[in-house]
Amino acid sequence: MSYKPKTVIEPFKIKMVEPLPLLSEEQRATAIKKAHYNLFSLDAQDVTFDLLTDSGTSAMSATQWAGIMIGDESYAGSQSFRKFESTVQEITGLKHVIPTHQGRSAEDLLMKALICEGDAVLGNTHFDTTRANILSAGARAIDLPSPEVKNTGAFAPFKGNMDLDRLAAQLEKNNSSIALVIMTVTNNSIGGQPVSMENLKAVRLLTQKYNIPLFLDVARFAENAYFIKLREPGYEEKSVPSIVQEMFSYADGALMSAKKDAFANIGGFLAVNSDSLAEKVRSLMVITEGFPTYGGLAGRDMEALAIGLREIQEEHYLQYRLRSVAYFGEGIEQAGIPVVKPFGGHAIYLDAAKALPHIPPHEFPGQALSVALYERIGIRGVEIGTVMMGYRDPESGEEHPADLELVRLAMPRRVYTQSHVDYMIEMLSQLVPELPALKGYKFTYQPPLLRHFTARFAPL
Ligand code: F0G
């Protein structure tokens, strides 16, 4: 009889380490004051647990580092590009593979090539750079998330889904001006929630009916595939690569920020079936991104990406990934901080409105909570609430609040261990009694666009 372990272990051992910055509370208080209470303005050296993002922050494997050493840096037609191209073709089944330096440049190229002034682009929820690229091409970005999203505490297996009724209504009413539909898997902006195969299939049928291209934003495709395996009837016995292939089979193209589910520190791609679209993108990209066989990447980056795209689909890794993120979420919830449920694939989202009911939206509860996490514990998360998603009315000066006041704690891949997570949970439970005493913040400076990056604050 074989033993049945309950603990899901890190399926790797560590060959290379970097020191964890350990600061006193006084040192952190000085650092955050100097940063004008904006976590983006902190030096990474002043952060113990950097949960700002899971993007570009993964630990690469020994095999990826070995790939780096054999990168072919030829300007045109390098072997590293061919390896990257055939890997992406095999995984996605898409014909043309166009490397880019990261996700947003793939978005920029696609929007410039495909959409015209006055068009609309529909999505389950566009990520903010996608939205910015749609807007800057003169089109409208319309989000049609599943209605289940509003209830942050309720369990639904596929909260990342598109609202099919609203999609059908939009396609029926405005189909001549809809240039494109994008499904983001997993749906980052609403909590890293997965999209079901059933929903993808239904979106495919609807877009086909109106002859509108369907693209996938696949920054976290492998996490989405593993959620399908765990939660969607009929997929329990299927392999992750076969689920991934089915996901891609419904799309006309894909955009990827490979800084997430490819374990790479930089990179991305645009992959499409259409010959004419590929030709258009290739002629656009040489002006800013680079020659079509390297995009904005070095040959060595493409080697690391080709290897990472396969490693990410390993089931022991994905089981550990989703379990370790959920373990963190369960611990935070038990410590007494309200969280968005179910837990996402790459991050835990704290519900700052529920945690700090005494701080109104215009005093930024998410900002207050994220500053406290840094000052008291050394965790850097990111506010996703009124600071990031709200805006100040230029005439009345009034703050328009966001729908939700969240703080995202994103987990870099293969970087922090279970004892790091246990330590954070322990410290969070010590923060809980202090929550009612936390104060809100006010802006002392805010830029007109994307204010969260460079704003300055003062405590009230
Ligand atoms: N799409 C999704 C779903 C993303 O999460 C991101 C980036 C992008 C596109 C843009 O890719 O950064 O390579 O240009 N998300 C990061 C985050 C920044 O922290 O969630 P990029």
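**Entry 1. Terms and model**

I take a salt bridge to be a side-chain nitrogen of Lys or Arg within 4 Å of a carboxyl oxygen of Asp or Glu. By that rule I find Arg-413 paired with Glu-223, with 3.2 Å between the closest N and O atoms. I note that the model is predicted, that local features need pLDDT of at least 70, that side-chain atom pairs count only at pLDDT 80 or more, and that totals for chains, interfaces and linings use all residues. I number residues from 1 along each chain as its sequence is written, and side-chain values use heavy atoms, with hydrogens and water left out.

**Entry 2. Domains**

I looked up the domain assignment, whose bounds come from an automatic or database assignment. Domain 1 comprises 25-54 + 314-459, and domain 2 comprises 62-311. I find 27 Å between the centres of the two domains, taken over C-alpha atoms.

**Entry 3. Interface between the domains**

I counted contacts, meaning heavy atoms within 4.5 Å. In domain 1, 24 residues are in contact with 30 residues of domain 2. The size of an interface is often given as the accessible area lost when the parts come together. I use buried area in the sense of the accessible area (1.4 Å probe) that two parts lose on being put together, summed over both. For domain 1 and domain 2 this is about 2300 Å², with 54% given by carbon and sulfur atoms.

I find six salt bridges across the interface of domain 1 and domain 2. I also searched for polar contacts, pairs of N or O atoms within 3.5 Å; within protein, one must be able to donate a hydrogen and the other to accept it, and residues adjacent in sequence count only if both atoms are side-chain atoms. Helix H12 (315-335) and strand S9 (347-351) each supply at least two residues to the side of domain 1 that touches domain 2. Of that side, H12 provides the largest share, six residues. I take helices (H or I, at least four residues) and strands (E, at least two) as DSSP runs, numbered from the N terminus.

**Entry 4. Ligand surroundings**

An N or O atom in the side chain of Ser-257 is 2.6 Å from a ligand oxygen atom. For Arg-408, I find a polar side-chain atom 2.7 Å from an oxygen atom of the ligand. Gly-103 places a backbone N or O atom 2.9 Å from a ligand oxygen atom.

**Entry 5. Salt bridges in the whole structure**

My search of the whole structure gives 23 salt bridges. One of them joins Asp-143 and Arg-131, with the closest N and O atoms 2.7 Å apart. Asp-143 lies in strand S4 (residues 140-143) and Arg-131 in helix H5 (residues 128-136), twelve residues apart.

**Entry 6. Backbone geometry**

Most residues other than glycine have a negative phi, and most peptide bonds are trans. I find a cis peptide bond between Val-185 and Thr-186, with omega about -15°. Thr-186 is in the loop between strand S5 (178-184) and helix H7 (197-209). The bond from Lys-341 to Pro-342 is cis, with omega near -5°, and Pro-342 sits in the loop between H12 and S9. I record a positive phi near 55° for His-36, in the loop between helix H1 (25-34) and strand S1 (49-50).
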